[in-house]
Structures are given as C-alpha cells and as structure tokens.
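Dear colleague,

I am passing on the structure below, together with some notes on what was found in it. Please read them beside the coordinates.

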Amino acid sequence: MVNNMLKIRKELWIMIIQFIVFLGAQVIAKLSGEMYGSLFVVLIIYPISVLILSIAISWTKSKLKYLYPIYVAIVFLLMAYIFLNSSAYIYSVIFAGISVFSMLIGFIGKHILKFLHKRR
C-alpha cells in the first residue's frame, strides 16, 4: 500500500499544483477587479500551465498519468462553474486536448532522449 502511494506521489503533486493554479489564478483575477482579468487567465495562464504540467506528468512512470486530461477537464469545469459562466464549459474540452497533445510531446521527447543516451 505504501509502496503504491510512493509511486504516484509525483503525479499527485502535479495534480495539486494544477488545482492551485486553476483556483489561484481565478481568485487573483477576481480580486484585481479588472474587467478582462478572467479572460486573460482562461486564454493565457491556464493553457500554459496545462502545457507545462502535462509535459511534466508524461515523464512519470505511473499509470495515473493517463487520467490527467480528464482531471484537467473536471477541475476546469469546477472552476468555470464557480467563477465563470456556462459559456466557458467548452474550454474544458480544449484544455483536455492541450493536455493530451502536451503529454504526447513529453512522451516523444522522453523517447528521443532515451535513444540519444543509448547511442552514446
């Protein structure tokens, strides 16, 4: 049991960081009071965080990483329900797609590095 938890510890930390970014960015945008703060967060901050964290989670060895795009979609739906309106729900599919694409980039990069180290 403990050994299994140690295997997925990195994935859990990445998921916690993603949740904090989703929640924290919206809270800061709401507190700043700017009219387009939430739009900036949804169009700039969220995709960049999903991209970086999806590449990071693709380098882990646990099978939990394959559920990460679904996790991103669900967490964004939660944030859209709390902070945004129903027109933002479609972005959950877009962020899940960005996550899948980023995981593919990380997977390819990991295997390219493995191939280059093997050639040495």
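Helices (H or I, at least four residues) and strands (E, at least two) are taken as DSSP runs and numbered from the N terminus; on that basis the protein chain has 5 helices and 0 strands. The model is a predicted one, in which local features need pLDDT of at least 70 and side-chain atom pairs count only at pLDDT 80 or more, while totals for chains, interfaces and linings use all residues. Residues are numbered from 1 along each chain as its sequence is written, and side-chain values use heavy atoms, with hydrogens and water left out.

Along its principal axes, the C-alpha trace spans about 55 × 35 × 25 Å. Of the 120 residues, 34% count as buried, where buried means under 20% relative accessible area, exposed over 50%, and partly exposed in between (1.4 Å probe, protein chains only).

Helix 2 (9–32) has 24 residues, which at 1.5 Å a residue should span 34 Å, and its end C-alpha atoms are 34 Å apart, which agrees; the expected span is 1.5 Å times one less than the number of residues. Its buried residues include Ile 14, Phe 22 and Ala 29, and the helix is followed by Gly 33, whose phi is positive, near 80°.

Tyr 89, in the loop between helix 4 and helix 5 (91–119), counts as partly exposed because its relative accessibility is 31%.
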